[in-house]
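Please keep the structure in view while reading.

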Amino acid sequence: MKLIYEKSQPGRRAASLPRHDDLPAADIPDELRREEPPRLPEVAEPELVRHFAELAARTFGIDTGFYPLGSCTMKYNPRVNERVVAHPGFRDLHPLQEPESAQGALEVMWRLQEILCEISGLHACSLQPAAGSQGELTGLMLMRAYFADRGEERDTVITADTAHGTNPASVTMAGYKLQKVETDARGNLDLDDLRTKVNERTAGLMLTNPSTLGLFDENIEEVAAIFHQAGALLYYDGANLNAVCGISRPGDMGFDIVHINLHKTFSQPHGGGGPGGGPIVVRDRLEPFLPVPAVVPDGDRFRLDYDRPKSIGKVRGFFGPFGVFVRSYAFIRAYGPQLREMSELAVLNANYLLARLKEHYELPFDRLCMHEFVLSARKLKREHGVTALDVAKRLMDYGFHPPTIYFPLVVPEALMIEPTETETRETLDEFADAMKAIAREAAEKPDLLRDAPLGRPVRRVDEVKAAKRAVVRYLYEDHPDLSEEPVTAAAAEAPKGV
Amino acid sequence: MPRPTARSSRSNRQTRLRYLSLTEGDRERMLAAIGVASVDELFSDIPEGVRYRGRLDLEPPLPEQELVAHLTELAERNVAAGEELSFLGAGIYDHYVPAVVDSVMAQGQLLTAYTPYQPELSQGVLQAIFEYQTAICELTGMDVANASGYDGTTVAADACFVAKHATGRSKVVLCETLNPQVRQVVKTYAPGFGLEVVEIPHRDGTTDPDELADAARDAACVIFQQPNFFGCLEPAPDLAAAANEAEALPVAHVDPISLGVLEAPGKYGCALAIGEGQGAGNHQAFGGPHYGFLAARQDYIRRMPGRIIGETTDTEGERAYVLTLQTREQHIRREKATSNITTNQTLLAIGGLVYLTWLGPHGLRDVGELCTGLAGYAKNRLGLPLLFPNRATFKEFAVRVGRPADDVVAAAREQGVNPGYPLRRDYSGMEDALLVCVTEKRTPDDIDRLAEVLAEVAA
Amino acid sequence: MAAPESYPDELRYHAQHDWARIEDGEATLGITWFAQDALGELVHFEAPEDGTTITKDESYGEVESVKAVSDVIAPLSGEIVAVNEKVAAEPETVNEDPYGDGWLIRIRLSDPSEVDALLDAEAYRAVVAEQ
């Protein structure tokens, strides 16, 4: 498929702009004027529309099929949310317009804040962070501010060895040192290991519960006690909240700061990589440090409060990704207290799939799972020389998006599967049948896996060549023809990210 | 507490089943296959002490039409652009968003796809981002752009992080004419990054290159904005030269709409170019979601935060696109990552790509010229003293309204006009300064109306 | 393309998978077969500059493959007198010939007694066996 730049022809144009007579000429000094126009594509509207329709056709979304990416919560994105967010009364608001002219928008934000507090079992909320990672960073900044305010010097944050890569990255960005705690054979945090690592220099713990293994930490109360006794805080990575809405609240588990992924639990569409939303909810003693402005009720109206002398400042422009708030709010209002049923069915679907798959793949932790579970393809590798990567690619030929692979790092040849609550039982059965068939193919016809996928617009992609050549934009007449270079070894077993 | 505005509906199977497919029969079969008697048993690992046995204190579920009515009622309580004649800018802009942008962003596969970690299933998204990266590089005159940052503020923090690691220095210099929220976000990130932040004041609406040269000594980078927050044109090539002299990285925070008319930062010596993409292809949406862009010279490619799409081939030699240089990113590098960013603003950036494609190079120039032409007309027509009469401007300019600007805004709004942004909210000593923004969506008649209203309400 | 597994006897080794060839007060340094195998095909070598001083047990650069990036640990201290430009241009040389053409840097030793703390090939093979 050609790039839009390759479809460009001089003289074509899609835009039509107003014209006005007798406007003054711009007084732009010559030394600031652009000399050469940017080489943007020149296409008319029909070609533009076709181009993007073709790009859409070459993209697999939740709308296309089953998408069991562990820790991503690829649930159905309701269409009504798109309708409501497109209302000009939301879409065409300027964030700096007078608050009195945006009362409906402020009310959406305030209501969402209250709802997230209720779900978390905590007291105050900021919707500002733009994504889960930014929520993590904001939470760590809150920790810094909290301890600085108390005159306590703490320099270390502890994460689990099963943690998502954003956790240690956020710890570093916040200027903290990182310590890891191990997971025991049951899939819980190793309490003995933990006790040796928590001391008066510990600022806190970053944990998701259930963990990335899909397991609820059975000792969470003891874990919380260990940190609180040392005067430290607990941070909840909300990536796996879909398992426990209305069933267990992070505040009750002992967490002091929570971030929620609106693009996971609360159905903001992923958009090919974003946008998302990472609001944070905190225990009341952390409220003074939240980013500004706060949305506060003022009688029967709402206003923006900038008078927060202890606030950490701003992590993002304005109030956060407002369009994401509207969609998540609409999603939650469609469920109300029945969010609990959403979580129950997420966990039911996962356990059903686990029951159907565990005889064909290795199950590292023999427990009921929560909303996701991790299998290992290690036996297939040992006996037939095919890997989790090969299984993933072959699943594409069966019409499914593969699960997350090579994560968490503690499980070799990991396959992390999260079906979510919006799938039918038949889809789960079809997926289980496909996984069973692939396990059999691994034994009988392993080349089918190694050559997979066979039915997509491209075959396996050469990632080594991509990294070495680093061609990251179209270079026009200098654009290289990479097909003239040799194919390097098959795509590496990189952790495929979540 | 405000009363709920929707009529509660008696909860019934219909309201809750619409996104959930499992029937009673399904559940029974599945529980049997798992080997448990009830759904409740699936949660038996949760200690009773943290088990929530209550009922979430949330309003009952709304069937779809009531949901729409409720959200509509909330939306209608806002004064949207179009209901009020607005000249409000200051970082978010009422530029025209063509219909093709909305329709592309609504396409189900693009809307509901995840990050393209499985390239064979995501060639569409990957190619779109590659095309977006190309467009940003073309606009800014740079060699590499990432797949988007959160917004125009966080990309400034990202740029400081890049500069710190590239130079080994930890001082960053911000111009006072840089958007106040951008500066505030950099200062929020600074303690964690170990940055010392220094600001240099404006001189009659722009930045003095000699003062910048002084401040840039021992600095990792200098960030200036073009056009700046006052709408004025900075002596950008001189600022970049001053930074380069001091071996600090020049970082230009630029308005994408201006780049058909103003020179690309890469052409006058900048190391990085960043900015807020909203004006190019996204609705204002009360502040987000939008997309930040970050582009750099080739030297900095390995320090870039965020995702980068690269071209390659598949095993048959066919051209293909893939996430590349992933060793910079959190899922591999973990605590040594160049950033923790994972979810970014891809769909909004694709909207930006569609917009820039719709415009083409001549369209981008035309929009820029329309904005400056209309702004020039407004400057003359308003007849109010300019705050910075000696400065060339782009699409925004500051006027003096003779009395506190907030009062003027309130009075003008009573006549259905929002005349602009009171600069006193961010700058001291600017009590009567109003920042007026004129985009291509305003007409000369609109400007005449603004002039009429201001003539009445200004002092 | 990658070399077969080997740990030459004439070299000295550091437990973090680096080797040293010592000659006349200078040492040539690189990463071992085990390290290149774990990383996969190298795509980038972030090299230090000539003349910089490196310190034993500390990182002096990075090597990168598609799936991982790794610090390169200095087995010995000294001043860099040469950087292997071939590896900088073609990082996969390290996979093909980790102990020959795939050398990374050469240093003038600041403290030759540090050599005594390094492992011989036998001891290093034992370290590898435990991984």
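Two residues are taken to be in contact if their C-beta atoms, placed from the backbone, lie within 7 Å. The model described here is predicted, and the points below are grouped by topic.

**Helices α13 and α14 of chain B**
- In the contact between these helices, Val408(B), Ala411(B) and Ala412(B) of α13(B) meet Val453(B), Leu454(B) and Val457(B) of α14(B), and by class this contact has six nonpolar residues, with no polar and no charged ones.
- Helix α13 (residues 405–413) of chain B packs against helix α14 (residues 444–457) of chain B at an angle of about 120°, their axes lying 10 Å apart, which makes α13(B) oblique to α14(B).
- The crossing of α13(B) and α14(B) is right-handed.

**The contact between chains A and B**
- Chain A gives 184 residues to the contact and chain B gives 176 residues; on the side of chain B that touches chain A, the largest share, 25 residues, comes from helix α12 (residues 346–382) of chain B.
- That side of chain B divides into 88 nonpolar, 58 polar and 30 charged residues.

**Helix α8 of chain A**
- Within helix α8 (residues 220–229) of chain A, Ile220(A), Val223(A), Ala224(A), Ile226(A) and Phe227(A) are buried, and because they cover an arc of only 155° around the axis, they lie on the same side of α8(A).
- Ala225(A) and Gln229(A), on the other side of α8(A), are exposed.
- The buried residues of α8(A) pack against α7 (191–197), β4 (202–207), β5 (233–238) and α9 (250–253) of chain A.
- Gly231(A), which follows α8(A), has a positive phi, near 75°.

Conventions
Residues numbered from 1 in each chain as written. Chains lettered and ligands numbered in written order. Predicted model: local features only at pLDDT ≥ 70, side-chain atom pairs only at ≥ 80, totals over all residues. Helix = DSSP H or I, 4+ residues; strand = E, 2+ residues; numbered from the N terminus. Nonpolar A, V, L, I, M, F, W, Y, C, P; charged D, E, K, R; others polar. Axes fitted to C-alpha atoms, helices over the stretch in contact; angles between N-to-C directions. Parallel < 35°, antiparallel > 145°, perpendicular 65-115°, else oblique. Left-handed = near helix turned anticlockwise from the far one by under 90°. Buried ≥ 20, exposed ≤ 12 C-beta atoms within 10 Å, placed from the backbone. Arc of directions from axis to C-beta.
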